[in-house]
Amino acid sequence: MFGGEFHDGRTTFVYGDMFTYNICKNDWTVIKAPGAPPPRCGHQAVATPINKGELWIFGGEFSSPSESQFYHYKDLWVYRIGDKKWEKILAPGGPSARSGHRMVHLKRQLIVFGGFHDNLRDYKYFNDVHIFNLESYAWQKIELSGNPPLPRSGCIMLPTSEKILVYGGYSKEKVKKDLDKGYIHSDVFVMTPEKNDQSGLKWKWASVKQSGVKPSPRCSMSAVLVQPNLAYIFGGVFDEDDEEELNGIFHNDLMALDLEKFQWHTVTLCGKKNTTVRHRRRKVKETDGEENNSENEDTEVTESYPVPTQSVIADGIFTMTIGPSPTSVMQKSNNTQENVFVPCPRINPGLVVKHNILYMYGGMFEEGDRQYTLNDFYTLDCRKLDEWRTIIADDLSSQVWFDSSSSSSEEGNIDSTDEDTNNSENEYIDTDEH
């Protein structure tokens, strides 16, 4: 895990540290390596197995502590996991400075889509596609055939063996001089390579129809592949936008998306099974043709088994319950399940799957004028789908929030000569999490 942001109502902290989590030892370790990228948030990071493991990072944004200066990055970095070294990749022709974009790894390529750039005077959302070749270390902007998705940031982008899926996202536009209107997208597009293309640079867009139980309108969800053609999606926010204020409805439901059928499912957790033990008595009878040394005497046999409350059919991912459902799987109107713990609503949590276990770290949600940045950590067994288990509980009660956004002084200056910034970008803007 690299970078991130924390805001306490008065000061903004943007991080440049990196941590690894050891699954077996259940601990976090700070990785200190020379030549690391500058602090940032809103970037994208992709891990690849190449050369004993590499972590690629592109773009993102930075804000000074008092938020008087702000800019976006357009740099590309790689961390060599085996060598424990960072390297900045100086390759021309890459995407413009941005954050809120998406980047995936597919067949020795990094593919970047969307994002936004914002400063005090203007903003722009993107729907361009750039490919970085992991063999030649060269950027290439590609022009796709077909009808592309509208410009957006904060969308879901998932790779399969042959195509890339893009779902949802957020954008805004000016409706009058001092008024912007936000749009939450809920469409699905697939990006597929042209037939007989050997260059890897000829692709086409196609809009696809969704089916199943689609999620309510929202953006800033997080997604992860749990199987080659199946993804889990958690959280998100729906902003009720009017001219006076912005109210967000945050979610904590877990959804599944079939990337072949473009079909949505609600993932329902079954909770802990009842392991109450019953005992019963029966007689052991002689089997015809076999000798029985007990000579038909009464024998007490004790059997232990779970009390059956329901029949469950599971294919490793989805669980179908037959018969009456216990209260632990009944859905409530606020998308939580009675008697089954579900992490609190949030946007942009970190998701990863390892050994069929889904790990979820952090995220952010708002309550009134207060913003909560989370550092809780949970797991969910993707085969059992029983319940979320807590590795690190949230510490919301210990977080201090300052009502005043004023700051006594600016700490440090931003170097305006950095090659990833220009003077027009070094101005404060009020950023969102999209």
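Let us start with Asp258, a residue that is buried yet has no salt bridge, its nearest side chain of opposite charge being Lys261, 4.9 Å away. Buried here means under 20% relative accessible area, while exposed means over 50% and partly exposed lies in between, with a 1.4 Å probe and protein chains only. A salt bridge needs a side-chain nitrogen of Lys or Arg within 4 Å of a carboxyl oxygen of Asp or Glu. For the charges, Lys and Arg count as positive and Asp and Glu as negative, with His and the chain ends not counted.

Before going on, a word about the model: it is predicted, local features need pLDDT of at least 70, side-chain atom pairs count only at pLDDT 80 or more, and totals for chains, interfaces and linings use all residues. Residues are numbered from 1 along each chain as its sequence is written, and side-chain values use heavy atoms, with hydrogens and water left out.

Strands (E, at least two residues) and helices (H or I, at least four) are DSSP runs, numbered from the N terminus.

Another Asp to look at is Asp197, found in the loop between strand 16 (179–193) and strand 17 (203–208). Asp197 counts as buried because its relative accessibility is 18%. A polar atom of its side chain lies 3.3 Å from the backbone nitrogen of Leu201.

Strands pair if DSSP finds at least two bridges between them, and strand 15 (residues 164–176) is joined to strand 16 by eleven, running antiparallel. Ile164 has Met191 of strand 16 as its bridge partner.

Three strands form an open sheet in the order 1-2-3, again antiparallel. Here strand 1 (2–7) and strand 3 (27–30) are at the edges, each with a single partner strand, so one side of each has no neighbour in the sheet. Neighbouring strands of this sheet are turned by 50° against each other on average, direction ignored. Five bridges pair strand 1 with strand 2 (residues 12–22) in the antiparallel sense, and Phe2 has Met18 in strand 2 as its bridge partner.

Now to the charged pairs. Side chains of opposite charge can pair when their charged atoms come close. How many salt bridges does a search of the whole structure find? The search finds twelve. In one of them, Asp376 and Arg346 meet at 2.8 Å, N to O. This pair links distant parts of the chain, 30 residues apart: Asp376 is in strand 29, and Arg346 is in the loop between strand 26 (319–322) and strand 27 (350–354). Asp376 is buried, with a relative accessible area of 0%, and Arg346 counts as buried at 0% too.

In another, Glu87 joins Arg80, with the closest N and O atoms 2.5 Å apart. Arg80 is buried at 16%, whereas Glu87 is partly exposed at 34%. Salt bridges that share partners join Glu54, Arg80 and Glu87 into one network.

Finally, the nonpolar cores: each is a set of buried Ala, Val, Leu, Ile, Met, Phe, Trp, Tyr and Cys residues joined through side-chain atoms within 4.5 Å. The largest has 19 residues, of which Tyr232, Leu254, Val267, Leu269, Leu358, Leu380 and Trp388 touch the most other members. Among the elements giving two or more residues to this core are strand 23 (254–258) and strand 29 (370–381), while strand 20 gives the most, with three residues. A second, separate core of 16 residues includes Ile111, Val129, Ile131 and Trp205.

Technical notes. Axes are lines fitted to C-alpha atoms, for helices over the stretch in contact, and angles run from 0 to 180 degrees between N-to-C directions. A polar contact is a pair of N or O atoms within 3.5 Å; within protein, one must be able to donate a hydrogen and the other to accept it, and residues adjacent in sequence count only if both atoms are side-chain atoms.
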